[in-house]
Structures are given as structure tokens and as C-alpha cells.
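Biologist: I am new to this one. Please show me the structure, and then I will ask about it.

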Amino acid sequence: SNVKFSDVARAMGIQHVSTVRTFKELCSIYRKAETVKNNFIECCVVAREENVKVHNEIRRLAHKSLDSLVRVEPALDALNHRRKVPISKDLPIRVFDFDPIDRPLDTRHEKSSVKLPAGWKMSMLRPGEALKERRGIRNILFLHGWMGDQSEWDDVISHLLSIQRLEDTSSWRLITLDMPGHGHTPALLAPEMLVKRSLNLTEGDDLDKIVSLEWMATSIVSSLQNIGLQSLDVVCGYSLGGRVALTMKLLMLLDGNSEFGLLSKTTKLILLSANAKELLSETAGGASTEGE
């Protein structure tokens, strides 16, 4: 445009017009202008194309400097090498059972706030330890929400145990666990990688594709199978836990996946704040599943 900034300012009755080209000039003019009302200060900058080029170079150099400070060991950085994150088979698991497992109580990893009525005990299973199966036992699994852990269910577990009728005490086993990347499970990314993600220094980061609902569901089922669990009668999930529970059931129903043999068509789901309708619409175009 041929219109001058100073002409527009004076046309508006503003006589004090200044033009600066450096930050030092701006500071000097600004201090002088504080004592005068109605000032216009024109700052001359480079053209837009040059401005974008300069900012991109600043960003590149800033990222290069930060990247040199936040180094990620190659062995810890699965994303940079596009490797699949290994399936977790030893998630921390708590079992609440009226007929306790015949071994000492292990509470090394958890100080539970669950109130245990007479006859009920909590067992914290070590990797590779097996449940003692009993005829007629039914299993209910509780999955916590995003950024939570299995202790979220402590009040619910306490209440359920307190209302059990004596004649029903041997019919249910209650199970909680820490889902991958939560609670006492190992971090999915090295601390340095978390810093890089927070600073937006991970271009092409596909963590959401690597650590998927299917991956989490597989890790949970593998861990339960690793302790010898034979079946799941009910899965109760809150928020992320609800979406993982639904994924477990969908994989069993839609794919006939033998990995999910713990579940059956009769396995009941209790989903809380899981946005299940959205997940169903994303899976197989919302294909209907028997019994759901």
C-alpha cells in the first residue's frame, strides 16, 4: 500500500508519531512517550516471508540446542526406531479372595486401603505366581481410568466385600491391576523422551499408534493368563479402563482371537464414562456384536 502510517495517524489527530527499526530505538522512544498522550510508534519489520524464515531458523536452532541437552538412549527410545513396545505380561495384580492363596500375603508394592471382612484376604501376586483355581469361582476384573491406578477401586472393593452374604463368599474373586504405563508399572517412555514430547521436539511421534487400546488389552489379558486365570465373568472399567474392557470383548467377538480366551460371549461389561458408542463406531464401522 502507498498509505503512510504517519499520514493516517495525523489524520486521526495524533501528532506524536515515531518510527523505529531496532529494539533499542523502541525502548528509547517508549520511555520518552510515557509523558505524552496519544502516541503512535511505528515498528518497521522485515517482510512476512523473511519473518517466517527467521522464526523457522530460530525454532530449528532452539530445537537443536534442546535436543543436545535432552539425549535419549537408543535402547530406551522405541519410538525413534519405530519398534513395537513389548507386551507387558507381569502387570501388578491384586486378588481379593475368600479362599486365600496358600502363600504369605505380599504387600511390598501396595499399602491397600481396602477394608477386609473376616475370611477375606488380599494377595499381591509376583510375576509367574499362579492362582489356586476352585470349582464354581467367578472372577470380576476392575480396570482404572487414565492417569490412575488400581487403588481407585479400593472404596468399591471395600463396599462389595462388606455386603457379601455369608453363603456367597466363595462365589466371587475380585481382581484389580495397574494398567500399562500407570501405577507401579514401568514407564512406557524414557524420562528424557517425556521431556522431548512436552517440548514438542518429537516430530512424527506415533506413540498413540504404538501404545493402542489393543496393545493395552493384550498386555492385561497376557498378565492375567500369566497368573493362571482361566476366565473372566465380569469386567468393570472406568474411563480408559472401560474402553480397554470393551476392546478386550470386541477383539474376542470380532476376530475370534484366541489370545482373549479369558473372555466369552457371556462375559459381562460394566462401563463407566467410557464413551463406548464412539469406540464402537470406530471399530469395524460399528458392526453389531452378538449379546452387546
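Biologist: What covers the buried residues of H4?
Modeller: This is a predicted model, where local features need pLDDT of at least 70, side-chain atom pairs count only at pLDDT 80 or more, and totals for chains, interfaces and linings use all residues. Residues are numbered from 1 along each chain as its sequence is written, and side-chain values use heavy atoms, with hydrogens and water left out. Helix H4 covers residues 154–162. Its cover, judged by contact (heavy atoms within 4.5 Å), includes S3, S5 and S6.

Biologist: Which residues of H4 are buried?
Modeller: Buried means under 20% relative accessible area, with a 1.4 Å probe and protein chains only. Seen down the axis of H4, the buried residues fall within an arc of 100 degrees, so they line one face. That arc is taken from the directions from the helix axis to the C-beta atoms. They are Asp 154, Ile 157, Ser 158 and Leu 161.

Biologist: In what order do the six strands of the open sheet come?
Modeller: Strands pair if DSSP finds at least two bridges between them. The pairing here is mixed. The order is S4-S3-S6-S5-S7-S8.

Biologist: Which strands stand at the edges?
Modeller: An edge strand here has a single partner strand, so one side is left without a neighbour in the sheet. The two are S4 (121–125) and S8 (268–272).

Biologist: Is Thr 185 buried or exposed?
Modeller: Thr 185 lies in the loop between S6 and helix H5 (191–198). Its relative accessibility is 11%, so Thr 185 counts as buried.

Definitions and conventions: Helix = DSSP H or I, 4+ residues; strand = E, 2+ residues; numbered from the N terminus. Axes fitted to C-alpha atoms, helices over the stretch in contact; angles between N-to-C directions. Buried < 20%, exposed > 50% of the residue type's maximum accessible area, 1.4 Å probe, protein only.
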